[in-house]
Amino acid sequence: PPPPPPFLLMIRRPPTSTHSISSAASDVYKRQNLTLILTLSIPAVSFSNGLAPKESLKALEVAEGMKVELFASEPMLLSPSSIDIDHRGRVWVAEIVNYRGHNGKRPEGDRILILEDTNGDGVADTSKTYYQGRDIDSPHGVCVLGDKVIVSAGEQVIVFTDKNGDDKPDDKKILFNVVGGKQHDHGIHAFCFGPDGKLYFNFGNASRGLKTPDGKLIIDKAGNEIRDHRKPYQQGMVFRCDPDGSNVETLGWNFRNNWEAAVDSFGSIWQSDNDDDGNRGVRINFVMEYGNYGYRDEFTGKGWRDKRSNIEKEIPDRHWHLNDPGVVPNLILTGAGSPTGIIIYEGNLFPNLINQVIHCDAGPNICRAYPRKNNGAGYDAEMMPILSGGKDRWYRPSDVAVGPDGSLFIADWYDPGVGGHGMRDLDRGRIFRVVPEGHNGYKFTKRDFKSLEGAISGLLSSDLESRYLGWNALHEMGVEKTQDALMKLISDKDKIKRARAAWCLGKMPGAGKMVIDKISKDLDSDLRIVAIRLARQLNFDVVNLITMLSNDKSPQVRRECAIALRELDVKEVPKLWAKLALQHDGKDRWYLEALGIAAEGKWDECFKAWIGSGGKWNTKAGKDIVWRSRSKMAPELLVKIVKDPSTKEEEKPKYMRAFDFHSGPEKELALQSLLLE
């Protein structure tokens, strides 16, 4: 049907998630108190009946050099929220029907499905239900790891175990209880396996804490309660833990709705995050460990609309408090949207995508890659469309995964809206497969994980479950049987292979020193970063390693040295911090925030060591460090900076804002002196 004429939509309260209204339709917006005004020049979606699967396939737009195929569609599956792929190439689907206003419409409960292409033609021809029940209603994550399947649903993380291999669970256990987020897309999300043998996961800001299976609030590795109370954690958080759920670490916080975490072979963590609806502030983040990501004020919890000194000019920047000291910068702002699934591509079918973030955004109907390059201690990125909706505005990519052959699988929730709060279609769902042009079929070599060669092949696979099985098989074989092969791999020309082998062997008893000694001297900075991260996890000779690498030519390596200092409680820390701080160039916000993370809890000692080592407050780099510092010495220097003739008028609000992050008599005296002056 022809599109309706433009119209004005007024909502008394801003919606709480872009999952409730398509932000792609927001051409102009104005905020006045609690009123949101949206001028819609074209409809966000066609309110017809959508397109049949094959018609939708024709309407989609795929990147040059790629082709898209329909792997599966309704009635084989409905509304996929999360997918994973096992070592046999089967696609596991978390399927939602009992969600929000539709809760209870399927009395049997929501399902975990297994879809399989048995003849290798690239089309699923069998479907089976692994599990169905009301206990997994509203599943937002499925992760397949050998005989175990981790399902994130409601306010629980459940581990199902299939002991006899019949694709039916024989055991069910609670891994975590979650405080809040039931029937909410800002709740608990999918788990994934990291190169270090650990699990990574996150929850959005509808969840407010993490508990043990018996309901006790978890105290993380840093000694903090994992709950939203600003001591120090608040809003969405990202975590790491052992496979059994022990040794939980809180790696970052103050996100809004960080839908999933993705980890590359070097141990770097990547996420997306959703803005407050239509503010063009959707972002991709590199998770600098222990970082605050700025959705709310660090100390007051106030939102981005609240007035503050040095407030950002542009709303997307204002949204994340990017002018505040103590906020880690974003990799890239992607505009308006509803971000969902994310991966790091390390397959072999798309060489130009290797080690790049690939991400689904259901709002603007697109799956993108974000090719990045190093920039100081951080990164710059661009946006590269992979599969967009084209003429089908019902296409809602909800997740992306990599098969054992390196092909991309993209789940399509398929709905006239983004789903979530306003889910209107319960009867459709698709999975598309993206391969290079000219590539035919879905074929790959089956692996024997019992042999050394097969286990290593699994460790180097494109898909995460094969890596998990390879990792565990090699660990079961032990150092004596695997050391020679893995050490040879650590010398491979492919740095991803070197990194995976280093993590795997380095985590075996007695092998850590040998691995760290080798990769700490690697010519590639990413491997030297792995050396630091591995040493931290093993708690092995970290001080000496940081001492050796603290003058590294790579600011990213020095960034990791700084982050490692945060965990240490030894006399060498202030001196090492000062050495790193003296190398700040006054231009690199990533590096500055790494220094801030490192000094937390020991600011006075570190700041004093910096001054004693020749640090000068009146240089560009020095003013940066004073601005970021929480030392008791900083307020007096902030006054000097504000009064300094070289400080421009437009710069002064920046330094005045820094006072908000101090307390005590030193701050009061400094402000009094400024007022008297």
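Two strands count as paired if DSSP finds at least two bridges between them, and a strand is a DSSP run of E with at least two residues, numbered from the N terminus. We're working on a predicted model, where local features need pLDDT of at least 70, side-chain atom pairs count only at pLDDT 80 or more, and totals for chains, interfaces and linings use all residues. Residues are numbered from 1 along each chain as its sequence is written, and side-chain values use heavy atoms, with hydrogens and water left out.

**Exercise 1.** Work out which residues partner Cys367 of β26 in the neighbouring strands.

*Solution.* Start with β25 (residues 356-361): five bridges join it to β26, and the two run antiparallel. In β29, the partner of Cys367 is Leu387.

**Exercise 2.** Decide whether the faces of β26 are buried or exposed.

*Solution.* Buried means under 20% relative accessible area, exposed over 50%, and partly exposed in between (1.4 Å probe, protein chains only). On one side, Ile366, Arg368 and Tyr370 are buried; on the other, so are Cys367 and Ala369. That's five of the five residues in β26 (residues 366-370), so the strand is largely enclosed by the rest of the structure.

**Exercise 3.** Find the residues with the most contacts inside the largest nonpolar core.

*Solution.* Such a core is a set of buried Ala, Val, Leu, Ile, Met, Phe, Trp, Tyr and Cys residues joined through side-chain atoms within 4.5 Å. The largest has 128 residues, and Phe176 and Trp577 have the most contacts inside it. Apart from it lies another core of 23 residues, including Cys367 and Ala369.

How values were computed
Helix = DSSP H or I, 4+ residues; strand = E, 2+ residues; numbered from the N terminus.
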